[in-house]
Amino acid sequence: MSTVEYLRAGDVTEAIALVSADPDAAYLAGGTTQLDLMLKDGVVEAGTLVDIGHLPLRGTEILGDTLRIGALTTMAELAADPVVVDQRLSLVRDALLAGASPQLRNMATIGGNLLQRTRCRYFRDRLVPSCNKRSPGSGCAAVHGPARMHAILGADRNCIALHASDLCVALVALDAKVGIQGPDGQRSVALTEFYVLPGNSPDVENVLRHGELITHVDVPLPTAGIRSEYLKVRDRASYEFALISAAAALVIEDGVIADARLALGGVGTVPWRAREAEEVLEGAPANNRTFRAAAEAVLRDPYTVPGTEFKVELARRTIVRILQNVSGVQS
Ligand code: FAD
Ligand code: SF4
């Protein structure tokens, strides 16, 4: 068994310096992903864990027309924060409460949620040799099936691993931005640009460079009159990852959709912003015909493998259902 050094950073600068200086070091926030992968599954290694859990990156504040969420705010704290509902962000709360369990939500942080790793069972089984994400160039065991909790959009024969976060689906729909601090300073990246498709390098999941720390997430406050919802379809009603999920926010004026945001979970290798659907929705009458056309537009070219075919129709139905719920249109 290999040993792991545990360090507690005194402040943000020290944390970044410690991880940047050591290619084998990783940040430790709530530990609900990192420790599972290292100690339970044995598929991730880190020589040093730099504990950031106590750094002053916790809580929310309103900055003009933006809600800033500290990266070390726990999922439970954010879900209970009245500002989330007061500022028309109840879909964020609903996405948080649809994820994990109360115990996990008390530990798990918002930064860690963005960086959670895939639940692909082949990735998490170190006895499976073919996994391009774990061992680049080794192949992908999942594409031969059986697969189920896998992606059908943004996937190809190199990797069909799903991004399993619920929260990120809501954040992507709301045009959230990720605040990042590294040895070379600070930057801000739109969440829609933060994740990268697997392509030929499934081991690269996002644009974060080694040593960079997520400090916060900025969420633009939705305009008045917006209606929104988070809908999660899963095998059981609680403590289960999504088969399909959706976050939708609509502004409807005189029966016409003036503004549409739609994002999907359970389908993509990254949290999936459904721009094709939004183009169909905007300017169109809010009715079932429009909703079905929007669902078709997203699922024109899915990549399925044995076991994931059912997701195509389930995703269509989930999109239509959430649009009905948000608009009040009957089925
Ligand atoms: P950690 O485990 O501490 O870290 C995760 C990764 O992020 C590590 O690589 C770490 O180095 C890095 N990291 C953490 N914080 C930062 C930072 N600020 N800057 C840079 N790097 C950082 N999620 C859902 O959305 N929906 C679910 O239904 C759901 N179900 C779950 C069920 C189980 C049984 C478990 C174990 C997890 C589930 N999760 C679910 C995932 C859970 O939300 C994440 O494990 C959690 O949010 C990770 O946060 P953490 O603080 O524990 O991160
Ligand atoms: Fe590995 Fe991705 Fe294939 Fe899963 S889907 S086995 S993570 S390469």
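Modeller: What follows covers the cavities, then a ligand, then the cysteines. The model is predicted, so local features need pLDDT of at least 70 and side-chain atom pairs pLDDT 80 or more, while totals for chains, interfaces and linings use all residues. Residues are numbered from 1 along each chain, ligands are numbered from 1 in the order in which they are written, and side-chain values use heavy atoms, without hydrogens and water.

Colleague: How many cavities of 30 Å³ or more does a search find?

Modeller: Rolling a probe the size of a water molecule over the atoms shows where empty space is left. On a 1 Å grid over the protein atoms alone, a cavity is a set of points where a 1.4 Å probe fits but cannot get out, and lining residues have an atom within 4 Å of a point. Here the search finds 2.

Colleague: Where does ligand 2 sit?

Modeller: A molecule sits in a cavity if more than half of its atoms lie within 2 Å of its grid points. Ligand 2 sits in the second largest cavity, which has about 90 Å³ of space. Among the 17 residues lining that cavity, Cys120, Cys131, Cys140, Ala142 and Cys159 are closest to its centre.

Colleague: How many disulfides does the structure hold?

Modeller: A disulfide is a covalent bond between the sulfur atoms of two cysteines; the cut-off is a pair of sulfur atoms within 2.5 Å. The structure holds 0. For Cys168, the closest cysteine sulfur, in Cys159, is 17 Å away, too far for a bond.

Definitions and conventions. On a 1 Å grid over the protein atoms alone, a cavity is a set of points where a 1.4 Å probe fits but cannot get out, and a pocket is an open set with protein on both sides within 12 Å along at least five of seven lines; lining residues have an atom within 4 Å of a point. Grid points are joined across faces, edges and corners, and a volume is the space filled by probe spheres set on the points.
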